[in-house]
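Visitor: Please show me how to read the features of this model.

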Amino acid sequence: MIWAIGGGKGGTGKSFITSSMGTYLAQKGRKTILLDADLGGANLHTFFGLTRPRYSLTDFFDKKVALQDISVQSGIANLDLITGSIGSLDSESINHGQKQKLFRHIRALDADHIIIDLGAGTHINTLDTFLLADRMIVVTAPEVTALENMYHFIKSAYFRKLKFIFKAYDLTTSIQETWKNRATYDIHNLKDLIIHLKQSSDRVRDIFDREMSGFVVHIVLNQVRTPRDILVGENLKSVCMNFLGLPVVYAGYARFDEAVLKNINSKEPFMLSNRLSPVATEIKALAENIIAGTHISVRKDVANGSLS
Ligand SMILES: Nc1ncnc2c1ncn2[C@@H]1O[C@H](COP(=O)(O)OP(=O)(O)OP(=O)(O)O)[C@@H](O)[C@H]1O
Ligand SMILES: [Mg+2]
């Protein structure tokens with residue numbers, strides 16, 4: 001199963017969450033591969049105390065080495081790492097063919113879980129890699145700027161997905177017509193447009209229902225500091241449903257803990273050196289929710305004042 005971790009803003013904790021969930025899954029005995037797809041600023045290996053691995057995606061793109069063959073051991077049983085590449089190859093320079101080849105190789109990797117750590121931003125390569133996943137996960141901090149970026153990221157991924165659907169089923173022209181005449185149909189936004197399209201044609205309704213059935217974004221809140229922060233995830237669920245008509249799973253959160261910062265560059269990843277910490281427990285819970293596609297039960301956490 002492929003998981004992709006995106007979220008728009010830099011520094012929210014995508015790589016920390018990727019490395020920690022990967023460690024947890026590997027410890028459960030699941031064969032796990034982490035793929036650092038942050039082509040500009042690959043640093044996932046740092047979370048395992050590794051120096052820059054010898055092989056990287058540059059070897060895959062430039063030297064045509066198979067993806068499986070550039071994975072390196074992370075130092076933890078069942079957990080391998082495929083690293084990104086700095087400088088020599090930024091995401092702008094990957095062409096369509098290279099991207100499709102990367103996706104084919106990712107799908108063919110021999111693992112129970114493949115977790116892709118995406119870079120910040122909404123570049124189309126990032127969005128396309130996000131859409132490739134069976135579990136689309138966004139990591140955000142509870143601050144307003146991070147939330148705005150994350151909403152923009154989800155919206156951009158949704159637009160990209162719609163564009164694929166419109167193109168694949170030759171709907172682009174008729175949809176553009178409907179949008180041009182939106183005042184006549186009382187359409188104000190994208191959500192209204194999709195509702196209108198589904199109501200006006202059984203074929204379009206069937207296409208959307210089929211194509212969008214797997215489009216579920218899983219939200220992870222990181223660097224949470226107060227019980228009130230935890231509730232932000234609930235609000236995001238409503239915002240995505242009300243403005244985009246999208247179902248979102250609030251998979252869980254991890255609190256802010258200085259120990260995470262201190263642990264960077266240490267030989268042992270956080271989940272091993274701090275295995276009994278609240279953050280480790282929260283990460284296990286959110287990984288299990290992502291596997292099962294279930295929501296965290298927020299009210300109970302907040303009522304218990306679990307951050308105090
Ligand atoms: N829960 C947390 N508590 C404390 N510090 C954290 C937590 N999560 C992440 N950090 C710290 O925040 C910094 C950024 O984290 P990380 O590198 O995982 O973010 P990122 O989203 O991958 O960033 P980028 O977009 O630049 O790749 C790191 O120094 C990390 O140790
Ligand atoms: Mg990162």
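Visitor: Which elements each supply at least two residues of the shell around ligand 1?

Guide: This is a predicted model, where local features need pLDDT of at least 70, side-chain atom pairs count only at pLDDT 80 or more, and totals for chains, interfaces and linings use all residues. Residues are numbered from 1 along each chain as its sequence is written, with chains lettered from A and ligands numbered from 1 in the order in which they are written. The elements are α1 (14-27), β7 (217-224) and α11 (258-263); helices (H or I, at least four residues) and strands (E, at least two) are DSSP runs, numbered from the N terminus. α1 gives the most, three residues. Among the 19 residues around ligand 1, those nearest are G10, G13, K14, S15 and F16; "around" puts the C-beta atom, placed from the backbone, within 6 Å.

Visitor: What is the strand order of the open sheet?

Guide: Its eight strands run β3-β4-β2-β5-β1-β6-β7-β8, with mixed pairing; a pair needs at least two DSSP bridges. β3 (72-73) and β8 (248-255) are the edges, each with a single partner strand, so one side of each lacks a neighbour in the sheet. β1 (residues 2-6) and β5 (residues 113-117) pair in the parallel sense over four bridges, and I5 stands opposite D117 in β5.

Visitor: How do α4 and α5 cross?

Guide: Two packed helices are described by the angle between their axes and the distance between the axes. Here the axes of α4 (residues 124-132) and α5 (residues 144-168) come within 10 Å and cross at roughly 75 degrees. Axes are lines fitted to C-alpha atoms, for helices over the stretch in contact, with angles from 0 to 180 degrees between N-to-C directions. The two helices are therefore roughly perpendicular (65 to 115 degrees).

Technical notes
Angles under 35 degrees count as roughly parallel, over 145 as roughly antiparallel, 65 to 115 as roughly perpendicular and the rest as oblique.
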